[in-house]
Amino acid sequence: MIIKIPLLLCIGLALSSCFAIHPELQNAKSVNKGANSHSIGVYGGANVLVETYGVAGVYNYGLTDKVDWSTDGSFSVQASSLKRVFQGFGVNQYSLSTGPKFSMLNDHFALRLPATITFSAQELFLSASPTLLWDVIDEKTTLFLRYNRLYERNAIEGYSGDLVFGFNYFLPFYSNQLLLSIQSNGVGLYGGVGITL
Amino acid sequence: MSCDRTANWTAIDFLSGTWEGQEITNYIKIQSYPGALTPHSTGHLFNRIDTVNKTSTIDSAGVVIDESIFVLHDESHLTFSGTDQTIDWAFDTDPLPAGLEPIFDSLRILFSGEQTFDIQLLNKKECVLYFDTVVPVYYAGTVVNVELRHTQYWKK
């Protein structure tokens with residue numbers, strides 16, 4: 001058993017980057033009560049094994065002036081190249097997260113507490129994805145930190161989820177609605193562009 | 001070649017000849033964990049299929065690195081009897097940590113045995129072979145089930 005754990009930890013680390021790393025596509029600020037906002041974007045990136053290409057979107061509805069119900073979804077394909085994606089050699093992954101988003105400290109800081117369901121390679125994964133959002137530089141940039149914690153315990157004790165960190169930079173044209181997003185899980189690097197509506 | 005009539009060709013006719021490797025993907029997945037797709041280019045490989053003697057010869061830069069025999073069961077199923085060398089070109093272990101060696105040891109047994117492939121695509125120019133299986137990996141007295149989805153893509 002003592003020998004087994006390092007092996008399984010090693011396996012876990014090798015596979016820990018395999019959830020798609022989608023951007024957050026939002027800032028910390030909440031919408032007003034009854035109002036809503038949404039964003040869509042495309043992203044891509046790579047880790048040591050594969051490239052990933054995907055689309056993502058997020059929808060926020062204001063439950064109160066400080067609390068939103070936040071839902072995001074993404075679809076991605078992992079493959080060796082974009083050409084192979086179109087040839088059908090990739091592995092598809094779908095994810096949907098939904099839960100409250102609490103904005104605080106004059107809307108500069110927010111905590112999302114969504115539940116996430118991910119469908120990949122004919123298997124469902126349930127997880128919690130607590131996410132911190134922090135607006136800096138006059139709200140032109142949002143830093144985020146997301147931990148996707150798998151719900152189910154399983155054979156590999158060394159793996160429980162992915163920690164993703166990144167930022168959004170709201171480009172200074174088109175009414176600051178265009179954003180550039182960069183994120184990483186420490187193994188791969190991913191980036192995308194989006195638009196908030 | 002462009003004038004060949006293929007209307008009456010069967011799988012054995014399409015298989016015959018020299019195929020140039022494109023890519024092999026191995027998707028490995030371990031009990032309730034997200035899987036890892038490990039694609040690798042096989043552009044340096046040629047697979048000479050001799051349908052008379054039912055042999056497959058893998059050639060890399062003019063050097064024969066593997067030979068196996070095959071049985072075509074029907075138009076969509078093909079069994080190769082592999083060798084110890086098969087895993088070396090069919091599974092790229094380079095990007096994966098050495099700690100996964102017990103998995104590779106189990107896969108080596110799999111690849112050197114008889115493995116039946118689904119013929120997902122076979123025509124005059126392209127061939128896609130696929131199999132999936134669950135491999136029990138033994139370690140420290142316990143078994144970890146590793147699912148493998150293996151796809152080979154060849155072109156003429």
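**Entry 1. Strand β9 of chain A**

I began with the hairpin that β8(A) and β9(A) form with four residues between them, where A:I137 in the turn has a positive phi of about 55°. Helices (H or I, at least four residues) and strands (E, at least two) are DSSP runs, numbered from the N terminus. I note that this is a predicted model, in which local features need pLDDT of at least 70 and side-chain atom pairs count only at pLDDT 80 or more, while totals for chains, interfaces and linings use all residues. Residues are numbered from 1 along each chain as its sequence is written, and chains are lettered from A and ligands numbered from 1 in the order in which they are written.

I then looked up the pairing of β9(A); two strands pair if DSSP finds at least two bridges between them. Strand β8 (residues 131-136) of chain A runs antiparallel to β9(A), with six bridges, and A:L132 stands opposite A:L145. Strand β7 (residues 123-128) of chain A is also antiparallel to β9(A), with two bridges; here A:A128 has A:R149 as its bridge partner. With strand β10 (residues 161-170) of chain A, β9(A) pairs in the antiparallel sense over nine bridges, and A:F144 is partnered by A:G166.

In a regular strand the side chains alternate between the two faces of the sheet.

**Entry 2**

I recorded two helices and 12 strands for chain A, and three helices and nine strands for chain B. Of the 197 residues of chain A, 44% count as buried; a residue is buried if 20 or more other C-beta atoms, placed from the backbone, lie within 10 Å of its own, exposed if 12 or fewer, and partly exposed in between. For the 156 residues of chain B, the buried share is 33%.

**Entry 3. Cores**

I looked for nonpolar cores, each a set of buried Ala, Val, Leu, Ile, Met, Phe, Trp, Tyr and Cys residues joined through C-beta atoms within 7 Å. The largest has 37 residues, of which B:L37, B:A90, B:L107 and B:V146 touch the most other members. Among the elements that give two or more residues to this core are β3 (67-79) of chain A and α3 (101-111) of chain B. Another core, apart from it, has nine residues, including A:L25, A:V58, A:F170 and A:Y190.

Leaving aside neighbours within four places in sequence, B:A90 is in contact (C-beta atoms, placed from the backbone, within 7 Å) with B:I24 and B:F111. In α3(B), I found B:I103, B:L107 and B:F111 buried. Seen down the axis of α3(B), the buried residues fall within an arc of 70°, so they line one face of the helix; the arc is that of the directions from the helix axis to the C-beta atoms.

**Entry 4. B:W19**

I located B:W19 in strand β1 of chain B. B:W19 counts as buried because it has 23 C-beta neighbours inside 10 Å. Not counting residues up to four places away in sequence, B:W19 touches B:F46, B:N47, B:I49, B:C127, B:W154, B:K155 and B:K156.

Notes:
Two residues are in contact if their C-beta atoms, placed from the backbone, lie within 7 Å.
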